[in-house]
Structure formats: structure tokens, C-alpha cells
Amino acid sequence: MTGGIASHWLIYPRHASERCTFLEVSDCISKRLGQPSELPMSLMRRLRRKLFPPHGVVEGYENEELVETILRKTIAFQAEENWPLVANVGSVLDFGGGAGIHYKIARQTSPDTRWAVVETPAMVRRASKLATNRLRFFSEIHDAADWLGSIDLMHSNGAIQYVDDAIGTVKALCAARPATMVWYRVPISNGSAKKETQKSFLSHNGPGKMAVESDKVVKYTRCWIPQASFVDAHQGYALIERGPDPRERGTQHFYFAQIE
Ligand SMILES: C[S@@+](CC[C@H](N)C(=O)[O-])C[C@H]1O[C@@H](n2cnc3c(N)ncnc32)[C@H](O)[C@@H]1O
């Protein structure tokens with residue numbers, strides 16, 4: 001299967017208040033990070049893109065040009081928003097958290113939170129220059145867990161579908177025993193697991209807008225995960241909430257809490 005061109009660098013803060021829905025989204029954050037619907041290309045640009053698509057192709061999240069683009073955009077991003085999900089949260093393991101964009105936003109609300117991003121080795125190598133005593137990057141879940149000690153929240157937004165073994169990765173995250181687990185934009189299939197090639201423009205990767213020298217098409221392999229396998233992999237956790245994630249077609253959001 002081949003997906004269309006999409007921008008999929010989004011962010012969905014969950015509201016901490018029980019009166020608010022799990023999917024409550026801060027429009028201003030979404031706008032500033034550049035969701036597809038918030039990046040209206042002019043008709044002329046759209047036409048030009050269609051007639052003259054970029055020639056270069058970048059393959060996969062380990063590509064250095066892609067990592068560099070995400071890093072530069074994350075550094076340039078100025079966070080201002082409030083994010084109630086992380087209020088009073090002491091430690092977060094952010095699986096697939098890029099160059100730490102969610103941490104930049106979280107620290108506005110919760111400046112003392114310790115934040116461990118688990119990422120590809122290529123991203124860890126480059127993003128580690130942004131590390132502080134509260135933000136660290138790891139390529140292994142157990143190293144992130146060791147550094148954090150106890151984990152209040154496992155957060156993951158649009159990343160589990162890009163790993164080779166999604167279910168094994170979910171189990172490894174559960175083994176780190178976070179108190180709560182929040183997943184956004186998980187592509188869920190009703191049948192068996194299936195893989196597809198997803199495409200986007202290089203310039204659409206990373207938060208917000210930034211010109212790139214010459215745009216390219218980025219290709220990634222994305223997996224659609226069977227719902228039952230995804231939920232069942234959360235041994236020792238209760239599923240508190242789930243539903244369609246309106247920010248990316250076909251994806252779901254989930255909220256689990258530790259029970260044992
Ligand atoms: C669509 S981006 C989402 C980034 C960020 N969570 C957000 O919402 O803006 C997917 C992220 O998953 C990361 N990723 C891909 N494969 C990974 C792996 N095996 N382990 C950890 N992260 C991975 C990519 O490097 C990328 O940063």
C-alpha cells in the first residue's frame with residue numbers, strides 16, 4: 001500500500017481535568033506546530049508541487065538530512081502554550097519524541113519535570129546537544145527508565161507505527177512500569193497488521209514552518225497495528241479511554257493506567 005503525501009508532525013495535549021475529554025486539543029499549539037489543515041498551500045503552489053514534485057527522495061527516520069531538519073525546526077520553535085496534561089507530572093518517558101519538541105512545551109507548564117526521549121540512534125546523536133539536567137535522549141527504553149527512576153507518564157505521539165516491532169516495543173514500555181500511558185495517533189487496523197509506505201515533504205517534518213534548501217520527498221514504512229494486539233500488549237494496565245484521533249485519518253488515541 002502507498003499512502004499519500006502528508007504532514008504528520010502534530011501534538012495533542014491531553015487536558016488533566018477529568019471534566020475535559022481526553023482528546024482536548026489546544027488549537028493554538030496545533031496551529032503553531034503546523035498541522036496539514038493549518039498549512040494551506042496556495043493553489044499555485046499546490047499546482048506547482050503536483051506538476052513539479054521534488055526530485056530528491058529521503059528514506060526513513062535515520063536519514064541525516066531529515067534528522068537535521070527536525071532538529072533545526074525544534075530549536076527554532078518558541079513554546080508559549082500551557083499543557084495541562086503535564087501539570088504536576090514529575091517524570092515522562094517520551095517514546096519517539098523527536099528532538100524534544102514536547103518537552104519544550106511541557107516545561108512551560110511544568111519546569112521541573114524530568115523528560116527522557118527515546119529515539120532512533122541518529123536522532124539521539126544529534127539531539128543530545130540539547131540535553132540538560134532535565135532533558136535527556138536515549139536509544140534504549142531501559143536506559144531512559146534507569147535515568148528517570150519511577151515514571152509518571154509514558155507519552156507517545158505518532159511514533160509506534162514506525163518501529164520494526166510495535167508490539168514488542170509496547171511490551172518493553174509497559175515493563176518500565178509507567179503509572180500512566182498516553183498514546184496519540186496510533187494507526188489501528190481491524191484485521192491483521194499491514195505495512196505501507198508513507199510519504200511527506202522534507203519541509204513538512206519537524207514542528208512549524210521553515211524553509212529547506214531544496215525540498216525532497218520523504219518515505220517511511222508505517223505499520224497498521226491490530227487493535228486487539230495493541231491493547232492486549234498492555235499487561236498490568238487498564239484501558240481508561242480510547243477513540244479515533246481526529247488529527248490523523250485512521251488513527252486512534254489511548255489512555256492506560258497501571259493496575260498492578
Ligand atoms: C511523526 S514523528 C513524531 C514526532 C513527535 N512525537 C511529534 O508528535 O511531533 C515520528 C518519530 O518517531 C521516531 N521514530 C521512528 N522510529 C523509531 C524507533 N525505532 N524508536 C524510537 N523512535 C522512532 C522518529 O525519529 C520521529 O521522531
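**Notebook: contacts, core and strands**

I began with contacts, counting two residues as in contact if their C-beta atoms, placed from the backbone, lie within 7 Å. Among contacts in the protein between residues at least 6 apart in sequence, 70% join residues at least 24 apart. I note that this is a predicted model, where local features need pLDDT of at least 70, side-chain atom pairs count only at pLDDT 80 or more, and totals for chains, interfaces and linings use all residues. Residue numbers start from 1 along each chain as its sequence is written.

**Entry: overall count**

I listed 8 helices and 11 strands. These are DSSP runs, numbered from the N terminus: helices are H or I with at least four residues, strands are E with at least two. Next came burial. I call a residue buried if 20 or more other C-beta atoms lie within 10 Å of its own, exposed if 12 or fewer, and partly exposed in between, with C-beta atoms placed from the backbone. Of the 260 residues in the protein, 40% are buried.

**Entry: the core**

A nonpolar core here is a set of buried Ala, Val, Leu, Ile, Met, Phe, Trp, Tyr and Cys residues joined through C-beta atoms within 7 Å. Which residues have the most contacts inside the largest one? They are Leu93 and Ala116, in a core of 54 residues. Strand E7 (residues 180-189) gives this core its largest share, 6 residues. I then looked up Ala116. Leaving aside neighbours within four places in sequence, Ala116 touches Leu93, Asp94, Arg136, Phe138, Ala144, Trp147 and Leu148 by the contact criterion.

**Entry: strand E4**

How many residues of E4 are buried? I found 5 of the 5, so E4 is largely enclosed by the rest of the structure. Arg114, Ala116 and Val118 point one way from E4, and Trp115 and Val117 point the other way. In a regular strand the side chains alternate between the two faces of the sheet.

I checked the partners of E4, taking strands as paired if DSSP finds at least two bridges between them. E3 and E4 pair in the parallel sense over 5 bridges. Phe95 stands opposite Val118 in E4. From E3 the chain crosses through helix H4 (residues 101-109) to E4, a right-handed β-α-β crossover. Right-handed means that, with the strands pointing away from the viewer, the path from the first strand over the helix to the second runs clockwise.

E4 and E5 also run parallel, joined by 4 bridges. Trp115 stands opposite Leu135 in E5. Here the chain crosses from E4 through helix H5 (residues 121-127) to E5, and this β-α-β crossover is right-handed.

**Entry: helix H6**

In H6 (residues 141-148), I found Ala144, Ala145 and Leu148 buried. They cover an arc of only 100° around the axis, which puts them on the same side of H6; the arc is that of the directions from the helix axis to the C-beta atoms. What covers these buried residues includes strand E3 (91-95), strand E4 (114-118) and strand E5 (135-138). The face turned away carries the exposed residues His142 and Asp146. Gly149 follows H6, with a positive phi near 80°.

Most residues other than glycine have a negative phi, and most peptide bonds are trans. Arg177 has a positive phi of about 55°. It is found in the loop between helix H7 (166-175) and E7. Arg177 counts as partly exposed, with 14 C-beta neighbours inside 10 Å. Arg185 also has a positive phi of about 55°, but lies in strand E7. Is Arg185 buried or exposed? With 22 C-beta neighbours inside 10 Å, Arg185 counts as buried.
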